[in-house]
Amino acid sequence: MMSRRPLLVFTLVLALIPNIPGMPPFWITLLDNIGLAALVAMGLVLLTGVGGLTSFGQAAFCGFGAYTTAYLTTVYQISPWLTLPIALGLAGIAAVVLGIVTVRLSGHFLPLGTIAWGISLYYAFGKIDALGRHDGISSVPPLAIGGWSLRDPAAMYYVIWAFVLLAGIATLNLLDSRVGRAIRALRGGRVAAEAFGIDSARIKLIVFVYAALLAALSGWLYAHLQRAVNPTPFGLNAGIEYLFMAVLGGSGQIWGAVAGSALVTLLKDVLQRVLPWMTGSTAQLETIVFGILLVVILQVARDGIWPLILSRLPGAPPRRIDDKAPALAARQRETRSDGPMLELAGATKAFGGLVAVNEVSFALKPGEIVALIGPNGAGKSTTFNLITGVLGLSRGSVRFAGHDISGVGQRAIAAHGIARTFQHVKLLPEMSVLENVALGAHMRGRAGVLSSILRLDRDEEVRLFAEASRQIARVGLAEHMHKPAGSLALGQQRIVEIARALCLDPTLLLLDEPAAGLRHFEKEALADLLRQLRAEGMSVLLVEHDMGFVMGLTDHIVVLDFGSKIAEGKPEEIRVHPAVLAAYLGGTA
Amino acid sequence: MTALFSLDNFTVSYGKVQAVSDVSLNVAKGEIVTVIGANGAGKSTLLNAAMGLLPARGRMTFEGQELAETDDVEARVGLGLCLVAEKRHLFGSMSVEDNLVLGAFRADRSAFEGTLSDVYARFPRLLERRQQLAGTLSGGERQMLAMGRALMSRPRLLMLDEPSLGLAPRIVADIFTIIADLRAAGVSILLVEQNAKAALDIADRAYVMELGEITRSGAAATLAADPSIAASYLGLGH
Amino acid sequence: MDLTILLFLLQDGMTSGAIYALLGVALVLVFAVTRVIFIPQGEFVTYGALTFAVLEAGQIPGTMWLLAGAGALAFLFELWTHRRELTARLLVHEATLKLALPAVVAGLTHVLVPMKAGPFVNLLLTIAIIGPLGPYLYRIAFQPNADASVLTLLITAVGVHLAMMGMGLILFGAEGLRAPPISNASFTLGPLPVSGQSIGVYLVTLGLILALWLFFDRTLMGKALRATAVNRIGARLVGIRTSLSGRIAFALAATIGAISGILIVPVTTIYYDTGFIVGLKGFVAAIIGGLASYPLTAAAAIVVGIVEALASFFASDLKEIIVFMLIIPVLVWRSIASGHHDEEEE
């Protein structure tokens, strides 16, 4: 992330450029085009680079912005400034409609969907009579401030780049917030995000609309710069070009979008001038070079160029933690003194004909540590997924503090105060341990998109991070707080997941093989931590293979084999239980 | 004893995290060697990297020939090194027989019929099910098919990753009998198992792996008799 | 609208549908084996169509030089990959496949073109020129990234599409071309005149699908390709090189693309960018087939062809929009059907 000083220098340089004596007007026009492209690419960085939603259709949203203002200003002579909110509104509505469908698409279906509507909208622009069909709309009025008409590209330059800078700052602010962490969590998969109460479909829609609005803004500016619109710049090829800029700059890097747009725009210009001279043809040969470059970049520098630039700059200082920040409000706890905290009754899960979990019933009392053990493939993880709502029950029920939570979904279960860790660690490896853990407190914050962009969320952020750092210290990883989570040993990453779960302020903690990959003394520390949590009234259910760890720690053990419960009881009962011994030692016993 | 297969200072990393560090081990001709250890100790990673599925650093020799540090899984199959992976990796939508036919993809075509009847003789269940799709087999049959498919390439060293995983005790016993038979037929075996007792019963030598490192090694019988091993890996006794 | 028009539209739709079926099947094949969403499939249609048209006109097609260039580049890629372990055997093998083959094809072209050997020879020559482009392309653009995510491969595919479309413009110019029909025969079936060309399209489509089925069901290499598609790691563990499977899949896709092009160029004028849209319609079918099912893809392709034919009659302005928007409900349905387990499997 960029600190303030480089941004100020950048702004100053931008402001001075048009005033350089002898600056060819043509260069200013190029810079205008770079700025326009950068706006779209910035949206794509957020959408694709950060959120992992690849779109080839962004150019169509530029079209919404451009056509809206072109139509309204030419037919109804509305002032261009008034059409800006209308253009953004229309594009926003279109984005919500397309987005509701698009963000639900999984994996590679999503980019294919964007290709489909990208092409369709392009054809639509060219077929509508009111929009001038393929000829488009001409004599769009220029922007004007007071009586001063911004007819000149050099005047538009300031307008365009002011918007670029504003958009960049807004986007950075958004990324560095509670919503921003949720956006980044999209990459880690739906299951991990939803487990902490993040509504992934809603967050995806937010990013989608945000990117579309930036594209529409670019289109609106474009219409008043060119003073004419036609379908060509809003087709699929343009959409590909924008994606190219984002990838080239480095997906995930806001200022990389500017770098990528600059490179691509300049390259296109050079190619358009040089290639015809070389080949004697006026054809649009730059597409060949672009295509090849795209392939080459993906082969040699998949992360784009901005990270290469960043690696030469000093890194941003670690986030400051305010130890004295007031604590976050504790969650409303659902505790009970009578009856079980968690109760499975006849829980069954069948995949097709295969019954993975068969009529499993057990209960967990408040303030108890219960272990779920069994040989590999016994159905422990499936049982876990039934409790956390990742999988739906085929039969039976799960009750928590007296409420039936069967089939209510992961987010609702998290809201009840059930937090979990994952057997296959689901952290965001590039993000710091601190930010990963802060994700766990998502439901304890309120700040939305607007307050994040406007930086009204700072108080809450300080408190969120103070809480995250307290939980990290509690699990004994304070010295690793500012490192990328992916740089820790696997065992430590599991502990980070526990800290993240604690950030939710849970009543029940579900741990999937927490001790795997830990050294002996680390296991001891983990056991001590769990005992301490129990003493504070926390209930814990864990799946574990390490018998020594389980035997010394738990109050109650449930043993599964082939999907069914074969035994339960105190550790010392389980140790001598004949069915358990047979399951563990197999036919060779 | 000449080593058929050896690893020297073998290291495997995921990003910045080392999953296997500086492991050295060897397997002699006609030997069953087992690697035991807890979940997450790096046993599967070790086998996958030895097969070339994961990048690794260190020296690796097979039949005196040094294997490059490349990811050339296919060349290893050609040399007679074969892995039956933990996930079996069968071709689920293809018939049992097609799975076996593909097992011989790199093998000498002239010996194909003989090898196929040999595999069917070893696993009569597969002959019964030869036209059935591999995806419809039971867990034990899948393991048999995975081993049968590996045998189709006429391997000199068979690496088995958790062959007893998720199988009923009776079938586990069958599988281990077959492993013993294979040694008698001249196939050397490197066996990774969580069912440490079964593995130590059948193996000649054993290595114990913890957190990516080899911490103990020796004759299987010696390790099986060691009380600390018994406490950690041989069930629930303390 | 009377019955004759309807029947005519149906015939028209079935004919295009048959072509889309071929393309759709090729797309499914490439995706299953390599995980590449093969956007440039359409460019192979263009190249096939225009190469055939140029040959029919008695000229040397520019794609011949492209083949030589791509072969040489693929050869260099191979040398670079094996730079530490070069053997004479490998060198000869690679030189034969990547240098000698294009040279032989070029030689044949120069001999056969002046002889005006007729459409059948030109058809074979077109396949010989376009078919090997597939594996060369795989070697150059996709193999170095073969383990990357589906998305990276998709963006690569889009890059290849751009480059190949631009190259088509250089090789063939902006003017469209059309070849003389292979068959002028026609007869009437009840009220409907049936052209020999459309019968030819049906026969070739059926023949190709039958040939593919035999290949996948009866040959070891065909089974190896299926194995790669079903389980890549399993395939590697039995010694099947995924790069070999990838090249064969690309060779098949390029050949199918070229044949599709040859089938349509006598009927429609083909421009350098026509293939892309044709290919995308094959895509709509492949996606309806879930990028997995061949029969469903073929059936969907026929539906796409018929919808397009009807749309061009009733609402010609909206033809493309209707066809491409067909995809959206299908994608939604596919996403819901596949649920979230694709994320859990990685």
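A polar contact is defined here as a pair of N or O atoms within 3.5 Å; within protein, one atom must be able to donate a hydrogen and the other to accept it, and residues adjacent in sequence count only if both atoms are side-chain atoms. The model is predicted: local features need pLDDT of at least 70, side-chain atom pairs count only at pLDDT 80 or more, and totals for chains, interfaces and linings use all residues. Residues are numbered from 1 along each chain as its sequence is written, chains are lettered from A in the order in which they are written, and side-chain values use heavy atoms, with hydrogens and water left out.

Chain B is divided into domain 1 (1-80 + 155-238) and domain 2 (90-154); these bounds come from an automatic or database domain assignment. The C-alpha centres of the two domains of chain B lie 23 Å apart. Their contact (heavy atoms within 4.5 Å) takes 16 residues from domain 1 and 12 residues from domain 2. The two domains bury about 1,200 Å² between them, 77% of it on carbon and sulfur atoms. Buried area is the accessible area (1.4 Å probe) that two parts lose on being put together, summed over both.

Across this domain interface the rule finds zero residue pairs in polar contact, with both residues at pLDDT 80 or more. Zero salt bridges are found there, a salt bridge being a side-chain nitrogen of Lys or Arg within 4 Å of a carboxyl oxygen of Asp or Glu. On the domain 1 side, helix H2 (73-79), strand E7 (157-161) and helix H7 (169-184) of chain B each supply at least two residues. Helices (H or I, at least four residues) and strands (E, at least two) are DSSP runs, numbered from the N terminus. H7(B) gives the most to that side, with six residues. The residues of that side divide into 12 nonpolar, one polar and three charged. Ala, Val, Leu, Ile, Met, Phe, Trp, Tyr, Cys and Pro count as nonpolar, Asp, Glu, Lys and Arg as charged, and the others, Gly among them, as polar.

Chain B also touches chain C. The contact takes 26 residues from chain B and 18 residues from chain C. These chains bury about 2,100 Å² between them, 62% of it on carbon and sulfur atoms. The count between them is four salt bridges. One links the side chains of C:Arg241 and B:Asp72 (2.9 Å, N to O). Six residue pairs are in polar contact between chain B and chain C, both residues at pLDDT 80 or more. H2, strand E6 (81-84) and helix H3 (96-103) of chain B give two or more residues to the side that touches chain C. The residues of this side of chain B divide into 14 nonpolar, five polar and seven charged.
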